[in-house]
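Before going further, please look over the chain and its fold as displayed here. The notes after it are meant for someone who is meeting this structure for the first time.

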Amino acid sequence: MSTTVFLTGATGYIGGRLLRRFEEGGRPVRCLVRNTSRLASHAPTTELVQGDVLDEAVLDAALGGIETAYYLIHSMGAGGDFEATDRRAAECFGRAAHRAGVRRIIYLGGLTDESGPVSAHLKSRAETGDILRASSVPVVELRASIVIGAGSLSLEMIAALVERLPVMVCPRWVSTLTQPIAADDVLSYLEAAANLPDRGSETFEIGGPEVMSYGDLMRAYARLRGLRRWLIPVPLLTPRLSGWWLALVTPAQARVGRALVEGLKNSTVVRSTLARERFDVVPRPLSTALTDAIENGTAARMFTDTRVALVDVPPAQAFGPIRRIGGSAGYYFGNALWRVRGAIDRCAGGRRISWTRRDPETCVPGDAIDGWTVEAFEPDRLLRLAATFRLPGRGWLEFEVTPGPDRFSKIRQTASFDPRGVLGRMYWYGILPLHGLMFGGMLAQIAKRARRPATSK
């Protein structure tokens, strides 16, 4: 059986995904987390230790018997003097790892060009690696540029900017060179680092196959999203002013985003070939990384409308009206409005909707139901429809039935919309007043029909 690895940062973006990889591979993991409830769902091979990396007594106990420890934490999102906090955390961890006899620390740092002034964020990442190495425990440090993956902060900021601004007056940093890497490739490097031959402390620069400017990265994202965007560079917006500008456009990412933007003045390009020589990892192209991230969705884009109803019938009976939806059965509420929507679609150049379905009682993925295509179908449990109406984005309508309390069944109805640019966002907010009427009325009628005896349907 594989030896247990020690993992910090398991509730973070990279650490959480690395934990899932270990669990899927059956590798035993011991996680240090401040709040164990944030990892309530985990595999039997995962052990949770509650504590803080600044508490050396907790670290001494948690690191006992560990040979490989992953250090994947930083304090940038906590605000305040994150550099000092990161410094103290690395010192505590290094001392505890040395006392416990840990044979290797694996650390994910950041790429930077040290020929000029370095931002506080990147300087702190480099300093953390130096402090860990000073513990005398061998450190494998992986230095990466911008990470491309669904949910990564870097991509979330790019998505928010490109989705919301048709014309961007851009600061000088849009011409800074970077070497993006897919999140899955970062995970592959981290996982493989545990199996490297013991050669003491080593540093590896990792990146994808393409070097480009941040402006090129934004344009590549826009192309894949089918958006036309204009980037107008000006010399006046410094990184600090860019941080304030970012706070206006993407307030949800502003606190951490400002620290990241400070680092965009530094080129983050791989200059060493050592990672290619020592690792059996072939990084995927940017187009593949972006496509995967877009298909998996990002928080900057998706809108949802979720409603729930409880019905005192078994799940199979509750699902009955759902599997019959559309065609001659209609949508149980506002059918005239649905037909008006189809007429508008036709006038806008869309296809003519036949308002029929292949089978009135059941369906399979790929079936056409009026202006929808069946994307997923599980009898008595799930129906997900993808919109084929003309939309400034992509839309879905999903119904899920699960057993509820006291022999009730829970019907969950979710309308999702992935807007394309400003027009898509305007469309969603423009029809928002209709959501309560149409979706609320639809779910109420589905619940009403579910309660009827089968002979009366």
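Predicted model: local features only at pLDDT ≥ 70, side-chain atom pairs only at ≥ 80, totals over all residues.

1. Begin with the open sheet of 7 strands, whose order is β3-β2-β1-β4-β5-β6-β11 and whose pairing is parallel. Its edge strands are β3 (46–50) and β11 (202–206), each of which pairs on one side only, and neighbouring strands are turned against each other by 20° on average, direction ignored.

2. Within this sheet, strand β1 (residues 5–8) runs parallel to strand β2 (residues 29–33) and is joined to that strand by 4 bridges; Thr8 stands opposite Leu32 in β2. Helix α4 (residues 120–134) packs on the sheet, where it touches β4 (68–71), β5 (104–110), β6 (139–144) and β11, and its direction makes about 165° with that of β5. Helix α6 (residues 183–193) also packs on the sheet, touching β4, β5, β6 and β11, with its direction at about 155° to that of β5.

3. Helix α6 has a further partner in helix α1 (residues 13–24), the two packing at an angle of about 65° with their axes 10 Å apart, in a crossing that is right-handed. The residues that meet include Tyr13, Ile14 and Leu18 in α1 and Val186, Leu187 and Leu190 in α6. By class, this contact has 8 nonpolar, 1 polar and 4 charged residues.

4. Another open sheet has 6 strands in the order β14-β19-β18-β17-β16-β15, with antiparallel pairing. Strands β14 (303–311) and β15 (368–369) each have a single partner strand, so one side of each is left without a neighbour in the sheet. Strands β17 (residues 382–387) and β18 (residues 393–403) run antiparallel and are joined by 5 bridges, and Leu385 has Leu397 in β18 as its bridge partner.

5. How many aromatic pairs does a search of the whole structure find? The search finds 14. In one of them, the rings of Tyr71 and Phe93 have centres 4.9 Å apart and planes at 55°, so the pair is tilted. Tyr71 in strand β4 and Phe93 in helix α3 (residues 82–100) are 22 residues apart, and their pair links distant parts of the chain. Tyr71 counts as buried at 1% relative accessibility, and Phe93 counts as buried at 0%.

6. Phe204 and Phe279 form an edge-to-face pair, 5.0 Å centre to centre with 85° between the planes. Because Phe204 lies in strand β11 and Phe279 in the loop between α10 (274–278) and α11 (286–295), this pair ties together parts that are 75 residues apart in sequence. Phe204 is buried at 0% relative accessibility, and Phe279 is buried with a relative accessible area of 6%.

Conventions. Residues numbered from 1 in each chain as written. Heavy atoms only, no water. Pairing = 2+ DSSP bridges. Axes fitted to C-alpha atoms, helices over the stretch in contact; angles between N-to-C directions. Contact = heavy atoms within 4.5 Å. Left-handed = near helix turned anticlockwise from the far one by under 90°. Nonpolar A, V, L, I, M, F, W, Y, C, P; charged D, E, K, R; others polar. Phe/Tyr/Trp six-rings, centres within 6.5 Å; stacked < 30°, edge-to-face > 60°. Buried < 20%, exposed > 50% of the residue type's maximum accessible area, 1.4 Å probe, protein only.
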